[in-house]
There are 2 protein chains.
Amino acid sequence: MSIEPTTSEALIKQSLERFLLVLTVSLSVATLPQIFSWVRQIPYTLLLVIVGLGLAFVDVRLVNLSPALILSIFLPPLLFEAAWNLQWKDLKRDLVPVSLYAILGVLISVLGIAIALNQFAAIPVATALLIGASLSATDPISVIALFRELGVEKRLSTLMEGESLFNDGVAVVAFSLLVGLALGTSQFEVRGTIAQFGAFVGIGVGIGSLIGFGISYLTQRFDLPLVEQSLTLVSAYGTYLIVEELGGSGVIGVVTVGLVLGNFGSRIGMNPRTRLIVTEFWEFLSFFVNSIVFLLIGDQIQFASLARNLDTIAITLLAMLFTRAIAIYALGALSNVLVKSDINLRQQTVLWWGGLRGSVSIALALSVPIILEAREEIIATVFGVVLFTLLVQGLTTKPLLKVLNLLGDQTVRQNYLEAIARRAALQRVLNHLKEGQDGPDIDWEFYRYQTALVEGQIKDIQNNINQMRSKEPELQDFAREQFKEELLAIEADTYAEFVRSGRLNRDLAPFLQDVLTGGD
Amino acid sequence: MSIEPTTSEALIKQSLERFLLVLTVSLSVATLPQIFSWVRQIPYTLLLVIVGLGLAFVDVRLVNLSPALILSIFLPPLLFEAAWNLQWKDLKRDLVPVSLYAILGVLISVLGIAIALNQFAAIPVATALLIGASLSATDPISVIALFRELGVEKRLSTLMEGESLFNDGVAVVAFSLLVGLALGTSQFEVRGTIAQFGAFVGIGVGIGSLIGFGISYLTQRFDLPLVEQSLTLVSAYGTYLIVEELGGSGVIGVVTVGLVLGNFGSRIGMNPRTRLIVTEFWEFLSFFVNSIVFLLIGDQIQFASLARNLDTIAITLLAMLFTRAIAIYALGALSNVLVKSDINLRQQTVLWWGGLRGSVSIALALSVPIILEAREEIIATVFGVVLFTLLVQGLTTKPLLKVLNLLGDQTVRQNYLEAIARRAALQRVLNHLKEGQDGPDIDWEFYRYQTALVEGQIKDIQNNINQMRSKEPELQDFAREQFKEELLAIEADTYAEFVRSGRLNRDLAPFLQDVLTGGD
């Protein structure tokens, strides 16, 4: 279209083009495991980091990551989705250990890293503290992406996700206080700092709850699926911005609103079908944003700068691992004593090694004011450490879980599901064979042979299934769940077919509502 | 968070805040019909325009609409969604009248409006032609939004949507040619103009098909729902940008890719569940974008400027309505003679009065170069006419449909179809339950309970269907039609399955012909 663009219009177009390019690369990466089977061992998000690194290595820079992009655009939907899916009753049970890790754990880490850097790398205290603060919060995005792909037991992932969702608040307060110290604009004072922290978290929780419960009661008054879906999106971004505007922790605000809407609002205000659609929508959005974020993290790496700061990176890394070990094992023991939380050593080991750092650390490092001399050093160190945690720790967490026998009953269930699928597939083959019985196009003997073969296989699989069930009694519950889902899927498929072929209008929502709830 | 923003970061945050504000207003508007029942008569999109006008009246300006925002951000998803849901076999049947309206109809309108403005308002030819070109294409967004809410018969909405989706190509070519004339940078030449138009449309259709079929075959090779969902989004925006970059019609490109993916790609490449999720996702996205667009259209109005140009607006409006009457009735008659398309006078009357102008006209007017003196006059006139079509024509189309008896028995048929779909879905569930009878993986009681539940539901629905049939005898005919479509759908799905599993060669053209046109 021969319409001359003005500057702002050229900017809109350019950003759009850039993001489409990033997405195209990411989606290509997502199909890699379909082509090369060995790639299947690597989680999608880490694969993206690796491909991003490759692009950075040949100096192809896709988009410049800025703190605002990470914090205002990418973080809110990811946090909201995580909180939406977090079960309050699980989190509540582990509130004490999660709080200990999220508050004291961060403080131990900031101090530990700073002392090590100051002692062994002769880095000034102010800079050392800033590096420590940037790296002391585990990253909700990376941790959740990893743990979901690994399929660990629920308890462990609740602990890990809970800590990651809440520890940013502490890290950010520490960081902004320390920036003030480094710039000489503020002074350290214990009582003031605690008050500041209280206000920071309090505003987040307060505004988040207000918006969350407000929307919950509002949506109870009407049944407009599209409006309710939009409201979840508005609440995620809106809460973040409002809380930040008021000087609170946007991260904690979003997590709160997500928890409230996911555990309360979606139950009282949404019909089950809307809840399902909204959950699927957020699953898509988080896949979408993750696809962008992790590719860009890899793509931001400046290899020369990393090489110049290799010593600092190594020292920081060791200090970080060491202080996290202290924090996790000591606070875990404390929690076990205090509330009998019963977190065993194997679980603690995973919490220690699985505590990845990621986008939040990068956003904090990038937001160090340009007037601070040590800015480049801080950024390089943080990127180096983040890269190590993502690639080395990220890729070895699964083997660690295997060694510690913490992968949960995922594999049993997986095997069970595979057996069920195989039986269904072979049953269909058998039906097909029997259908053609009265007039097969092939010779009778071959046909008989094939039938016998399939029947034999089905029998074997059935034995296998029976065995699994008698060995793992909880598969009974699982089977029921599966069965119900199967019935729902058949129903949904039928509707989809009707809609596709034009026999049914698209507006299914109100009508499906009673269908999908009617069965239970 | 006390991180100082740089300029670009402040910009990101500000844009985000603005759009959240717009959305919050729009969502509040969406809940109005729940509170005031008289509001229910007004379609959501028109309600948004009215509220936007109210805000403009008290001089609250939310976001400045720019052509780039309309064309690059809002238009692609709305066009894609419309095309994704448009049935190719319906469109094909009416290809001749749709083409006549979309090509000749636009030309008649441009000339008619220009002559009237020049004769009766003494407006220079160049300016008059620009106003004519801006206002000669019916707006896909407004028209589709309105016709969907009204629930007219299928034939009429296919004609209306088809025309609106394709006539922008002609209008935009005419407009950019005329801008060149007005600026004195180009000259009019018939052969060159036709070649330009051919290239403009050809590039759109070509690139759109290439991307559409490319993605269709690609997604056939894997089953990754989230990736496939993302690909539809990437293809909508990507096609628009690429086609525009190559000098083609982005609008036609997006419509083509949407048609291909909706009618072909989603059948051969997606499993039914993915198809359903993707359709729901686009429904949401289009609701979301519509919520923004229509509020902003109302909010852009400059009342003083409108008042200054009231004469011009009135003359343009009359000319527009008059030339559209000529175009619709004459071309309708022509089409009825040429291909026996059998579009009756009542339908033509709705096509005439329902041809709303909207966002595309506004985008074109806003893109008039600032150096042209008449820019303000053009913008004011276009906004004035758009407002009239949206509010007056938009609000009176439903009464018109009622008077002409064209609202169809939509609700009866819809209920009937829903009942049929439910019965089919539950019947399949029942079959599935009975298949597993000889060796269910779940306990007997649970199984019996589920079976009884489903059987009871089927019985209720069957009673309901019987009742409807005896009350509305014409459902008998309708049912026969449906039955034929059902058989065609089974055929088409079987082909699609064969193609998907690789048992059928992907000989595109003849195969597509068969599947997509069915037996007629």
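Me: How many salt bridges does the count come to over all chains?
Reply: The structure is a predicted model. Side chains of opposite charge can pair when their charged atoms come close. A salt bridge requires a side-chain nitrogen of Lys or Arg within 4 Å of a carboxyl oxygen of Asp or Glu. Over all chains, the count by this rule is eight.

Me: Which helices hold A:Arg324 and A:Glu163?
Reply: A:Arg324 and A:Glu163 form a salt bridge, with their closest N and O atoms 3.1 Å apart. The pair links distant parts of the chain, its members being 161 residues apart. In chain A, A:Arg324 belongs to helix H14 (residues 310–339), and A:Glu163 belongs to helix H8 (residues 154–183).

Me: Are A:Arg324 and A:Glu163 buried or exposed?
Reply: A residue is buried when its relative accessible area is under 20%, and exposed when that area is over 50%. Under this rule, A:Arg324 and A:Glu163 are both buried.

Me: Is B:Asp59 buried or exposed?
Reply: B:Asp59 meets B:Arg61 in a salt bridge, at 3.2 Å from N to O. B:Arg61 has 31% relative accessibility and therefore counts as partly exposed. The relative accessible area of B:Asp59 is 56%, and the limit for this class is over 50%. B:Asp59 is therefore exposed.

Me: How many residues apart in sequence are the parts that B:Asp94 and B:Arg155 tie together?
Reply: The side chains of B:Asp94 and B:Arg155 form a salt bridge of 2.6 Å, N to O. B:Asp94 lies in the loop between helix H4 (88–93) and helix H5 (95–120) of chain B, whereas B:Arg155 lies in helix H8 (residues 154–183) of chain B, so the parts tied together are 61 residues apart in sequence. B:Asp94 and B:Arg155 are buried. The separation asked for is 61 residues.

Me: Why is the pair of B:Tyr217 and B:Phe264 given its class, and what is that class?
Reply: The count of aromatic pairs over all chains comes to 22. A pair of aromatic rings is described by the distance of the centres and the angle of the planes. The ring centres of B:Tyr217 and B:Phe264 are 5.8 Å apart and the planes stand at 75 degrees, which, with a limit of over 60, makes the pair edge-to-face.

Me: Where in chain B do B:Tyr217 and B:Phe264 lie?
Reply: Both B:Tyr217 and B:Phe264 are buried. The two residues are 47 residues apart and link distant parts of the chain. B:Tyr217 is in helix H9 (residues 190–220) of chain B, and B:Phe264 is in helix H11 (residues 250–269) of chain B.

Me: Which residues make the nonpolar surface patch of about 390 Å²?
Reply: One member, A:Phe303, is found in helix H13 (residues 303–308) of chain A. A:Phe303 has a relative accessible area of 33% and is partly exposed. The patch is made by A:Phe57, A:Val58, A:Val60 and A:Phe303.

Me: How many helices and strands does the secondary structure of chain A come to?
Reply: Chain A has 520 residues, of which buried residues make up 56%. Its accessible surface is about 22,400 Å², with 61% belonging to carbon and sulfur atoms. The secondary structure of chain A comprises 21 helices and zero strands.

Me: How far apart do the C-alpha centres of domain 1 and domain 3 of chain A lie?
Reply: Chain A is divided into domain 1 (14–404), domain 2 (416–471) and domain 3 (474–519). Between domain 1 and domain 3 of chain A, the C-alpha centres are separated by 35 Å.

Methods. Residues are numbered from 1 along each chain as its sequence is written. Chains are lettered from A and ligands numbered from 1 in the order in which they are written. This is a predicted model: local features need pLDDT of at least 70, side-chain atom pairs count only at pLDDT 80 or more; totals for chains, interfaces and linings use all residues. Side-chain values use heavy atoms; hydrogens and water are left out. Helices (H or I, at least four residues) and strands (E, at least two) are DSSP runs, numbered from the N terminus. Buried means under 20% relative accessible area, exposed over 50%, partly exposed in between (1.4 Å probe, protein chains only). Domain bounds come from an automatic or database domain assignment. Rings of Phe, Tyr and Trp (its six-membered ring) pair if their centres lie within 6.5 Å; planes under 30 degrees apart count as stacked, over 60 as edge-to-face and the rest as tilted. Patches are made of residues with over 30% relative accessible area and no salt bridge: like charges are joined within 9 Å, nonpolar side chains (Val, Leu, Ile, Met, Phe, Trp, Tyr) within 5 Å. Accessible areas come from the Shrake-Rupley method with a 1.4 Å probe; for residues, only the protein chains shown count as cover.
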